[in-house]
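Dear colleague,

Please find below the structure I said I would pass on, followed by some notes on what was found in it.

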Amino acid sequence: MRTPRFCPQCGGPDLQITRPAGDTHDRLTCQACGYIHYDNPKVITGCIIEQQGKYLLCQRAIPPQAGSWVLPAGFMENGETTEEAALREVWEESGVRAEILSPYSIFSVPMINEVYIIFRALALDITDEYGPETAACRFFAPEDIPWEQIYYPAIRQILARYISERQAGIYGIYVGNDATGKIHFLT
């Protein structure tokens, strides 16, 4: 995210990093009007969609990591719920209309200030038409998943966990982060 050069509230050029009274973090603060700029993590939402034992993956057509395979997911927009954002991203990236079954994983990536919220979902309609961010979209059997081409470690880890649980017929809700490299059971 770009740091503003001018205050978004008053337009003044005097932004400085300070710790506002009662706050626990340093923030970019306008010295003229007192506006505080909060630079918070981005939320990425998406779904694991299974059909007849195969899992939906999309091949990225755009940077970063064009050519890699991912779950259909993307950035949440203002005014959306996490569920609405996940279903919109699935539609835009795969041309699949889906229904959310349950939350599945919350995964934090503090190094890049992102939080992934992944849902289990059911495909209702598969159109085989997808947006410009996707080069290809396909359902893969577990043994055919191009694991080495899934660039994002969190996505590899979440999908692998899901497949092992699917085989056992039970699903949990998981939280984790890239600092430990582990997903922990949420109680």
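Tyr104 counts as buried at 1% relative accessibility, where buried means under 20% relative accessible area, exposed over 50% and partly exposed in between, with a 1.4 Å probe and protein chains only. This is a predicted model, in which local features need pLDDT of at least 70 and side-chain atom pairs count only at pLDDT 80 or more, while totals for chains, interfaces and linings use all residues. Residues are numbered from 1 along each chain as its sequence is written, and side-chain values use heavy atoms, with hydrogens and water left out.

Tyr104 belongs to strand β8 (strands are DSSP runs of E of at least two residues, helices runs of H or I of at least four, numbered from the N terminus). Leaving aside neighbours within four places in sequence, its contacts (heavy atoms within 4.5 Å) include Ile48, Phe119, Arg161 and Tyr174. The side chain of Tyr104 also makes a polar contact with the side chain of Glu165 at 2.9 Å, that is, a pair of N or O atoms within 3.5 Å, one able to donate a hydrogen and the other to accept it, with residues adjacent in sequence counting only if both atoms are side-chain atoms.

Best wishes
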